[in-house]
Every structure is written in C-alpha cells, then in structure tokens.
Amino acid sequence: MPFGGYANNVARIDLTSGAVAYETIPEEWALKYVGARGLGVRYVFENGPKVDPLSPANILCFVNGPLTGSEANMSGRMAVVTKSPLTNGVTDSHQGGWSAARLRWAGFDGLIFGGKASRPSYVLIEAGKVTIHDASDLWGKGVRETVRVLRGRHGEKDISVITIGPAGENLVKFAAWMNENDRAAGRGGTGCVGGSKNLKAIVIKSARHLTKAKDPIAWRSAHKRALATILDEKNVTSPKKGGLSVYGTNVLMNITNAMGALPAMNSMETSFGAGAEKISGEWVNDNILVDNPTCHACPVACKKEVEVKEGPYKGLRTESFEYESAWALGANCGVDDANTITKLIDQCNDLGMDTIEIGNAISVYMEASAKGYTNGSPKMSWGDGHGMVALAEKIARREGIGDILAEGAAGAAAKLGHTELAMSVKGQAIPAYDPRGLKGMGIAYATSNRGACHLRAYTPASELGLIPLKTDPLAWKGKGELTKLLQDLFAFSDSLDLCKFSSFAEGPEEYAMQFAAVTGLPYTADDVLKTGERIYNLERHFNNLAGMAEGSDYLPARFLNEPSKQKGSEGHICELPEMLDEYYTARGWKNGVVPDSKLKELQVT
C-alpha cells in the first residue's frame with residue numbers, strides 16, 4: 001500500500017478448519033472506507049447481507065483505523081463489526097482501553113473470524129502470527145477470571161485480553177466483548193456472535209510501537225491543533241476542568257433530568273425527579289469516586305472508577321459508573337441507589353452484557369409486571385435493585401424468565417405479547433435521552449443503521465450547547481439536516497478510529513489534517529463528510545438488502561403519542577414524520593431506502 005497509517009495486514013481466521021490466512025487490504029477499500037467501522041462494514045457487506053447472524057457463515061471483524069496506536073488524541077479505539085443477532089442488520093460497536101493500539105503494534109489492522117470452532121477456543125496474537133488454542137477450561141468463567149487466567153498463562157507484560165463472559169456463551173442477544181475487564185464493545189450483540197462461534201477470547205501480546213505518520217512535519221502541525229482544541233478550557237473535554245473530564249459522562253444526569261429529557265420507568269416519564277441527583281456524576285464524585293482511569297493517548301480521562309463504601313456491596317470496586325449504565329439500570333428501572341447500580345454495572349461487565357439493553361429489557365418486565373402482562377411469571381416491582389442483581393444472573397445464563405429477557409427489550413416484549421412496551425428501534429433499545437425533550441434524538445434513533453443509538457448522531461452536542469453549532473432542544477426544524485451531518489461526520493471519525501468525545505472539540509478540519517498527515521494523502525473537510533456519507537449509505541444499503549425495507553425508520557408510539565408530563569418538556573411529543581421528510585430530502589433516500597442513483601453518485605461498492 002503506497003500510503004501510511006496501515007500495517008496492511010489482516011488475519012482471516014477460519015475457526016472451522018483452524019486455518020489462518022494473512023491478506024492485505026484492498027487499496028480501493030482503504031481509500032473509500034478508511035478503516036475500523038467503514039472498512040469492517042465493507043468486509044461484512046462482501047460476506048453478504050442474507051447470512052444468519054448466528055450461523056458459521058457470518059463473520060466477526062475486529063478492525064483498527066489508520067490513527068489507531070498513534071500519538072493521535074483519543075485513538076485507542078477498535079470497531080467490532082458483524083451482522084447483528086439483535087437487529088438482523090449490520091452493527092459496529094467500539095471499545096476503548098489499550099487492546100486496539102496493541103493490535104496495531106502487533107502488526108495488524110484487523111482480525112476476521114469465520115466458521116465455528118469445534119470446541120471453545122481463543123486466539124493468541126504474538127510475533128506477527130495468530131494461533132488458535134483450546135479454551136475449554138475458560139468456558140463458563142466470567143470476564144475477570146478469564147483475563148486473570150490468560151494473563152497468568154501468557155505473561156503480565158505488554159498484553160491485552162478481549163473476552164466474552166457467560167452471556168456470550170449462552171447466546172444472550174446483547175452480549176458484549178470486554179477488554180481491560182471493564183471496557184465494552186457493548187451494543188448489537190457482537191459477543192453473542194462470538195459465542196456462536198465458540199470464540200472465548202483474543203489475547204494480544206506486543207510492546208509499544210507507535211504508528212508513524214507518512215508526513216511527520218504535517219503531523220506535528222495537525223496533532224498540535226487537535227490537542228489544543230481538546231485542552232481548550234471552553235470545551236467539555238478540557239482535562240480536570242471540563243465537565244466530561246471532572247464528572248465523566250454522568251455529568252449529564254442532572255442536566256437531562258432538569259430539562260425533561262431523561263427517560264424514566266421505561267420512558268413513561270421524562271424525568272426521575274429527586275432520584276437523579278442520587279445517581280449523578282456529582283454524587284459519584286463526592287461519595288464513591290476513587291480513580292480516573294484513561295485510554296491510550298487520551299488526556300481527558302472520562303472513566304470513573306468507584307468503590308462502594310457501605311451496605312451489602314461494601315468494598316466492591318469497579319469501572320465505570322457511566323451515564324448510560326447509570327440511567328439504564330437506575331432511572332429507567334426506578335432505582336436511585338448508586339451502590340446497587342455499581343453492583344449491577346460490575347455484574348454486567350463480568351457476565352459480558354450491554355448495560356443499556358439489559359436495563360431496557362428489565363424495565364419492559366417491570367412495566368409488564370405492573371400491568372399484569374407477565375403470563376404467570378414472578379413479577380418485579382419498580383426500584384427492586386436487589387431483585388435486578390439476581391435477575392441479571394438468570395439473564396446471562398438464560399434461566400427462567402431470564403431466557404425471555406435475554407432476547408433484548410424488543411424480543412422480550414414480543415414474547416410477552418406486548419410489543420408496545422419496548423422502547424426499541426430496529427430491535428435495539430434506546431439509550432438515555434428522551435426524544436420528547438431532545439427532538440434531535442428522535443430522528444437520530446429512527447434513522448440509525450444499527451438500531452436506536454445516540455452515537456450515530458449525537459445531536460445533544462448541539463442541543464445542549466457543547467459545540468459551536470447550537471440548536472433548540474425542543475425545536476424539530478433543522479434536526480433532520482443536523483442528524484445527517486453528524487451521521488456522516490461520526491461515520492468518518494469511527495473509521496479513523498477516534499473516540500466520539502473528540503468531536504466535542506475537533507471537527508472535519510482537524511480530522512482531515514490528521515488523516516492527511518498519517519497517510520500522506522491530500523484530504524479536506526469536504527472529503528471527510530463525503531467519505532462518511534459513503535459509509536453511511538453502504539450500511540443502509542446492506543440493511544435494505546437484509547430486509548429492512550421502506551418504513552423501517554420509526555420510533556416507539558409512546559414518544560409520538562404520549563406528551564411529556566415533566567417540567568422542561570411538558571406537553572411535548574416527538575414530531576418524527578416532519579423530521580423524516582427533512583432527513584430523507586437531505587439524504588436523497590426514498591422512505592429509508594437508498595436509490596441506485598445515490599449508490600452510483602457516492603461510488604458505494
């Protein structure tokens with residue numbers, strides 16, 4: 001490959017035969033889809049949109065971007081890309097920590113797993129080679145015990161372990177891949193796909209070898225500019241001064257609660273009242289915070305490590321008390337005890353489950369219990385945190401009612417005979433933003449290619465005034481165009497692969513400068529957005545071919561028909577039809593389907 005930033009080496013592992021092949025990246029694919037998310041989606045598209053997600057024919061990709069493992073700020077990210085068992089569409093889920101950088105230092109841009117091993121297996125990446133090993137002794141173990149055993153087996157130095165827990169082994173539809181014990185590629189059920197292949201873990205051994213830029217002089221300038229934006233005290237990313245750095249993502253809990261944009265009790269309410277303060281970033285900072293871990297090349301340190309000081313979980317220490325997790329397992333289920341939420345987060349990390357989806361699945365069951373829809377199964381009351389701890393174990397092992405909830409919020413609601421209880425889009429449950437109080441999230445959820453998601457287009461960055469482009473959270477006009485812009489921008493940054501939080505300070509110009517310096521290719525801000533648009537359209541084209549036809553962009557009826565009753569958004573619903581019209585005009589799509597003319601225009605495939 002004539003340009004920089006890539007190892008130009010992808011390992012393709014056939015778990016059925018045990019064969020490992022090493023291949024280069026097609027140059028055209030790197031130019032069109034960059035890496036990480038974009039490149040992974042291209043591999044998954046090539047494999048075919050009709051495959052059964054849990055069959056040996058599906059592939060599971062772990063892909064880095066051209067900035068991974070470099071000096072670039074917030075570049076410790078890896079995309080896990082596959083066809084999702086939760087949505088039946090393409091999904092990519094990203095994880096931080098050091099495993100992504102270490103994979104690049106080991107000489108690989110990606111790993112592609114196909115087939116199914118005849119027994120539980122793990123792979124070891126060391127000295128430029130991939131070898132497959134027996135994991136029978138690890139099957140059934142939690143994430144932390146698996147990491148402990150593998151580090152003891154392969155050495156404590158220069159090592160990263162990515163693994164599934166019992167949830168992945170038992171094909172829980174929202175099982176996650178975990179690394180550094182607590183860093184999750186959580187959404188979309190990528191860990192479930194790993195379990196279906198009998199793939200338990202990936203062990204990466206490599207010392208630090210920073211990726212070098214093709215143009216060192218241009219890199220110094222690009223890196224200096226990007227870092228200056230992150231350090232700028234007016235930005236939320238400013239180390240030890242900005243809200244994201246001081247309080248972590250959970251700085252949002254009190255903010256969204258006050259504006260009537262915090263879904264509570266399975267989105268029956270848009271505020272958690274006084275309960276929000278008890279599980280907020282401010283409360284955590286004052287009461288249980290013990291450390292501020294970070295990821296490769298990240299000065300922000302948004303991770304918050306906590307320790308329970310009292311009660312039945314006293315002494316429990318875990319990372320990380322995030323906004324999404326605290327909401328899903330807290331406000332969404334009526335739980336206002338931070339210690340119990342800490343236990344649940346730790347439990348989900350060790351079992352290997354997406355905290356957002358499990359919180360939604362449990363809240364579906366709580367609402368079903370209140371309305372008498374449990375079909376004879378034991379009921380669960382709102383706020384029963386200790387009951388949730390017991391239930392999480394059952395979900396991970398598919399025992400009793402846990403077997404139903406292991407299907408995710410949408411799947412569980414369907415099995416209970418009340419699909420209206422699921423706050424899901426395309427099979428994936430919503431995160432911690434109510435679209436009646438943050439209108440942009442409504443169109444972003446509906447049009448997300450991986451199901452309801454805040455990270456495809458983080459419109460609250462604009463609606464909460466975190467970026468220069470500021471908009472009214474209760475106004476729907478312009479949100480279709482805003483969503484399209486952010487979807488394209490994030491598709492590109494996910495392909496570099498940079499943390500989403502970089503976008504609170506950096507923009508298309510900074511991304512273009514860094515990509516150009518690393519690769520040696522001329523690149524502009526317009527190129528960034530055009531490439532992102534191509535990636536987004538490829539994903540949508542995949543989903544269209546997989547069966548998501550016209551009308552697949554929707555929201556749960558609750559958001560459209562039940563006005564908010566809480567201060568800040570009182571009386572508001574989400575005006576999705578109006579925003580969809582605006583969005584489709586901006587996209588050039590026909591009711592959610594990409595026309596051939598648009599595919600040709602963007603040179604997709």
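This is a predicted model: local features need pLDDT of at least 70, side-chain atom pairs count only at pLDDT 80 or more; totals for chains, interfaces and linings use all residues.
**Reading helices, a pocket and backbone angles**

Trainee: How many helices and strands does the protein chain have, and how compact is the chain for its length?

Mentor: The protein chain has 24 helices and 17 strands. Its radius of gyration is 22 Å, close to the 25 Å that the globule rule gives for 605 residues, so the chain is as compact as a globular protein of that length. Taken along the principal axes, the C-alpha atoms of the chain fill a box of roughly 60 × 55 × 45 Å.

Trainee: How should I describe two helices that pack together?

Mentor: Two packed helices are described by the angle between their axes and the distance between the axes. Here, the axes of α19 (residues 479–496) and α21 (residues 525–546) come within 7 Å and cross at roughly 90°. An angle of 65 to 115 degrees counts as roughly perpendicular, and α19 and α21 are therefore roughly perpendicular to each other.

Trainee: Which residues meet where α19 and α21 are in contact?

Mentor: From α19, the residues include K484, L485, D488 and F492, and from α21 they include V528, L529, E533 and Y536. The residues of this contact divide into eight nonpolar, four polar and three charged.

Trainee: Where is the cis peptide bond that involves L496 and D497?

Mentor: The peptide bond from L496 to D497 is cis, with omega near 5°, and D497 is found in the loop between α19 and α20 (508–519).

Trainee: What is the volume of the second largest pocket, and which residues are closest to its centre?

Mentor: The second largest pocket has a volume of about 460 Å³. Of the 21 residues that line this pocket, the closest to its centre are I467, P468, S503, A505 and E506.

Trainee: Which helix gives the most to the lining of that pocket, and how do the lining residues divide by type?

Mentor: Helix α19 gives the most to the lining of the second largest pocket, with four residues, and the lining as a whole divides into 13 nonpolar, four polar and four charged residues.

Technical notes
Residues are numbered from 1 along each chain as its sequence is written. Side-chain values use heavy atoms; hydrogens and water are left out. On a 1 Å grid over the protein atoms alone, a cavity is a set of points where a 1.4 Å probe fits but cannot get out, and a pocket is an open set with protein on both sides within 12 Å along at least five of seven lines; lining residues have an atom within 4 Å of a point. Grid points are joined across faces, edges and corners, and a volume is the space filled by probe spheres set on the points. Helices (H or I, at least four residues) and strands (E, at least two) are DSSP runs, numbered from the N terminus. Ala, Val, Leu, Ile, Met, Phe, Trp, Tyr, Cys and Pro count as nonpolar, Asp, Glu, Lys and Arg as charged, and the others, Gly among them, as polar. Axes are lines fitted to C-alpha atoms, for helices over the stretch in contact, and angles run from 0 to 180 degrees between N-to-C directions. Angles under 35 degrees count as roughly parallel, over 145 as roughly antiparallel, 65 to 115 as roughly perpendicular and the rest as oblique. Contact means heavy atoms within 4.5 Å. The radius of gyration is taken over C-alpha atoms; the globule rule is 2.2 Å times the number of residues to the power 0.38.
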